[in-house]
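Please keep the sequence and the 3D view open while reading.

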Amino acid sequence: MDQNQSAQPAKKAMSLNIISSSTKSSKHKGFGAGAINLNNVSPIIIDGGEAKIDIGAMHAKSKVERGIKFTTNREELEGGRQVWVVWVAVDKQPEGGSYAGATACEMWIDEEHKKGWKILADHVNKLDYAIKRRIMLSELGPDDKAALKTLLVSHNEEWWNRSSDELKQALES
């Protein structure tokens with residue numbers, strides 16, 4: 001290519017944009033309008049009866065997931081431990097926030113062999129259900145429910161107090 005010719009600009013790759021609810025983007029119309037807003041959703045990892053907020057789980061890069069090669073075939077995993085990702089959606093209303101949606105997704109982690117099991121489609125669907133304000137925590141065991149409740153109350157007791165009876169009952173049973 002000689003010096004007088006300019007290089008063609010590289011074509012931008014199409015990507016998924018997560019649009020926030022800021023004033024600038026809420027006026028957005030056209031391509032990408034109606035994209036999923038994840039501003040009010042947080043992932044919580046429950047591992048060994050301890051619950052922690054781990055924002056890395058939003059991109060499957062939580063502390064327990066890093067360095068793990070995942071499979072969808074449970075038989076490929078020889079051992080490991082059960083770990084839960086809980087998606088929690090927060091509603092913000094004039095009287096204040098509340099925990100509005102909560103769904104749990106199972107995965108198994110075998111750190112010794114750097115292998116894990118999870119069904120990504122289940123994680124995505126449960127994230128969607130949490131955004132839609134559903135409560136789906138029946139798969140959690142009593143220790144995991146207690147850990148989640150402790151985290152939610154200690155994180156913001158006012159939000160817990162304003163949360164639905166459905167959520168509170170789901171974490172009592």
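Helices (H or I, at least four residues) and strands (E, at least two) are DSSP runs, numbered from the N terminus. The model is predicted, so local features need pLDDT of at least 70 and side-chain atom pairs count only at pLDDT 80 or more, while totals for chains, interfaces and linings use all residues. Residues are numbered from 1 along each chain as its sequence is written, and side-chain values use heavy atoms, with hydrogens and water left out.

**Strand E1**

Asp47 lies in strand E1. Contact means heavy atoms within 4.5 Å. Not counting residues up to four places away in sequence, Asp47 touches Val64, Arg81, Gln82 and Val83.

Buried means under 20% relative accessible area and exposed over 50%, with partly exposed in between (1.4 Å probe, protein chains only). The expected span of a helix is 1.5 Å times one less than its number of residues. The arc quoted for a helix is that of the directions from its axis to the C-beta atoms.

The end C-alpha atoms of H2 are 17 Å apart, which agrees with the 16 Å that its 12 residues should span at 1.5 Å a residue. Its buried residues are His123, Lys126, Leu127 and Ala130. These cover an arc of only 105 degrees around the axis, which puts them on the same side of H2. They pack against E1, E4, E5, strand E6 (115-118) and strand E7 (135-136). His123, in H2 (residues 120-131), has a relative accessible area of 6%. Leaving aside neighbours within four places in sequence, His123 is in contact with Val85, Trp87, Cys105, Glu106, Met107 and Lys118. Just after H2, Arg133 takes a positive phi of about 70 degrees.

Helix H3 (residues 142-155) has 14 residues and reaches 20 Å from first C-alpha to last, close to the expected 20 Å. Asp144, Lys145, Ala147, Leu148, Leu151 and Leu152 are its buried residues. They lie on the same side of H3, because their arc around the axis is only 160 degrees. On the other side, Pro142, Asp143, Thr150 and Ser154 are exposed.

**Rings and charges**

Rings of Phe, Tyr and Trp (its six-membered ring) pair if their centres lie within 6.5 Å; planes under 30 degrees apart count as stacked, over 60 as edge-to-face and the rest as tilted. There is 1 aromatic pair by this rule. Tyr99 and Trp159 have ring centres 5.7 Å apart and planes at 80 degrees, so the pair is edge-to-face. It links distant parts of the chain, with Tyr99 in strand E5 and Trp159 in helix H4, 60 residues apart. Tyr99 is buried, at a relative accessible area of 3%.

A charge sits over a ring if NZ of Lys or CZ of Arg is within 6 Å of the ring centre and within 35 degrees of the ring normal.

| Charged end | Ring | Distance from ring centre |
|---|---|---|
| Arg74 | Trp108 | 4.2 Å |
| Lys168 | Trp160 | 6.0 Å |

**Nonpolar cores**

A nonpolar core is a set of buried Ala, Val, Leu, Ile, Met, Phe, Trp, Tyr and Cys residues joined through side-chain atoms within 4.5 Å. Of the 22 residues in the largest, Ile44, Val86, Leu137 and Leu148 touch the most other members. E1, E4, E5, H3, H4 and H5 each supply at least two residues of this core. Apart from it lies another core, of 14 residues, among them Ile68, Trp87, Met107 and Ile109.
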